[in-house]
Amino acid sequence: MNANDIRAMIQPAQVHRDVYISDAVYQLEMRHLFTNAWIFVGHDSQTPNKGDYITTQVGDQPVIMVRHTDGEVKVLYNRCPHKGTKIAIDRAGNTGKFFRCPYHAWSFKTDGCLLAIPLKKGYEGTGLSDSQNGKGMQAVGAVHNYRGFVFARLAEDGIGFDEFFGGSLSSIDNMVDRAPEGRVEISGPPLRYMHKCNWKMLVENQTDTCHPMVAHESSAGTAVKIYEQMGNPEPRPPAMQIIAPFMSPYEFFEDMGIRTWPNGHGHTGVNMSIHSKYDAIPGYFEAMVEAYGEKRAKAILDENRHNTVYFPNIMIKAPLTQLRNFIPLGADRTLVESYVYRLVGAPEQLTAMSAMYNRMINAPTSIVGHDDLEMYERAQEGLHAEGMQWVDIRRLHTGPEDFETEAVENGTTERQMRNQFHAWAKFMTMSMEGAPGVAAE
């Protein structure tokens with residue numbers, strides 16, 4: 001499969017089913033897309049002290065994010081350069097001043113550099129010191145810490161961080177700026193939830209505004225009916241503030257608006273969102289005014305973006321300080337991690353509200369998330385049906401589109417899905433044949 005084969009799968013208003021169900025396409029995603037793009041690794045508050053580390057993966061590559069002795073965060077391949085043994089298997093821990101391989105006790109500084117080898121004289125004159133293995137644990141191609149959020153690019157050379165994300169970073173800015181002290185911290189481990197579907201289905205669904213009032217009628221719709229039968233008592237409990245907006249009509253989502261940026265990024269909720277009408281948290285606005293001044297505080301809090309997709313595989317929800325990481329494990333397997341962050345300097349009631357939303361909407365026990373899961377798994381199975389090879393993404397597609405410029409459109413457009421697939425083809429093929437110095441597949 002070459003670059004032309006990949007591009008042929010993406011048409012202006014439809015994509016071939018193989019982008020979701022083909023194992024060969026999945027393997028190419030791991031080799032090319034998740035190597036060329038900037039991928040979320042973690043938050044630096046997960047490794048606050050020197051020697052603190054977490055283990056995760058970038059695409060299918062196991063990595064360690066660790067706080068080095070100089071205070072900087074490093075991202076290393078989780079592999080001993082000797083025999084390939086994974087250095088760390090715990091999800092998180094503190095390694096002290098060095099990593100030690102459990103197989104032959106080779107040890108490495110927390111920036112990956114080789115520290116010591118038992119019976120090192122056995123390697124004298126062998127050329128180990130001049131080899132790649134003799135240098136130590138391999139660092140990924142590039143790392144960037146943006147306001148605490150750590151991203152990595154596996155490729156040694158490629159698109160820069162600022163060029164890749166551009167104006168989309170304004171959503172992370174808004175999320176962090178909501179903290180009176182201008183920083184967020186991780187609030188416990190994520191909720192983890194396995195999905196038997198392709199990872200791109202989950203990413204697309206984050207900006208699909210034509211499904212909530214349909215797919216969630218059995219959950220959110222039932223809750224709304226019960227509350228109405230109770231007489232809609234006031235004040236509304238937080239659970240109802242969270243779940244009721246899912247049943248907003250199509251017109252609400254049309255007016256909400258969608259913004260797209262180059263390289264596959266975009267967000268729903270340009271004008272308002274399902275988070276706009278939550279009750280105020282006592283003392284929060286006052287803390288923001290003290291930190292920013294009234295005008296700036298109001299501008300930050302009036303921005304209620306719904307879901308921001310950072311291509312290829314994360315979504316953040318700034319008003320609730322959440323991040324969801326869609327980790328591909330196969331063409332039909334995706335592990336979803338849903339994180340909650342604490343706004344430093346803000347009332348703890350905000351963290352409690354975010355944690356409640358996470359449990360109600362994103363958890364394995366969610367009454368809403370299972371609606372989406374059912375649709376994903378039905379689609380994953382249905383795409384194997386013969387007779388139709390293409391998946392439609394033409395809603396509000398009226399002609400040629402320029403995905404290299406920022407655009408704001410009707411909130412029910414599928415432009416963001418088309419934007420993602422434009423970026424998918426771009427980053428899938430840039431290191432295939434035809435690129436300078438790259439041999440044919």
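1. Asp332 counts as partly exposed, at 35% relative accessibility; the terms used here are buried for under 20% relative accessible area, exposed for over 50%, and partly exposed in between, with a 1.4 Å probe and protein chains only. Asp332 forms a salt bridge with Arg333, the closest N and O atoms being 3.6 Å apart. A salt bridge here is a side-chain nitrogen of Lys or Arg within 4 Å of a carboxyl oxygen of Asp or Glu. Arg333 is also partly exposed, with a relative accessible area of 33%.

2. The model is predicted: local features need pLDDT of at least 70, side-chain atom pairs count only at pLDDT 80 or more, and totals for chains, interfaces and linings use all residues. Residues are numbered from 1 along each chain as its sequence is written, and side-chain values use heavy atoms, with hydrogens and water left out.

3. The structure holds 20 salt bridges. One of them joins the side chains of Asp302 and Lys298 at 2.7 Å, N to O. These two residues lie 4 residues apart in helix α12 (residues 294-302) and are therefore separated by about one helical turn. Asp302 is partly exposed at 48% relative accessible area, and Lys298 is partly exposed at 45%.

4. Arg342 forms a salt bridge with Glu348, with the closest N and O atoms 3.3 Å apart. Salt bridges that share partners join Glu181, Arg183, Glu185, Arg342 and Glu348 into one network. Arg342 is partly exposed, at 24% relative accessibility, as is Glu348, with a relative accessible area of 46%.

5. The protein has 15 helices and 22 strands; helices (H or I, at least four residues) and strands (E, at least two) are DSSP runs, numbered from the N terminus. An open sheet of 4 strands has the order β6-β5-β4-β7, with antiparallel pairing. Its edge strands, β6 (73-77) and β7 (92-94), each pair on one side only. Two strands pair if DSSP finds at least two bridges between them. Strands β4 (residues 52-58) and β5 (residues 61-67) pair in the antiparallel sense over 6 bridges, and Thr55 stands opposite Ile64 in β5.

6. Of the 441 residues of the protein, 53% count as buried. Contact means heavy atoms within 4.5 Å, and residues 24 or more positions apart account for 65% of the contacts with a separation of 6 or more. Along its principal axes the C-alpha trace spans about 85 × 55 × 40 Å.
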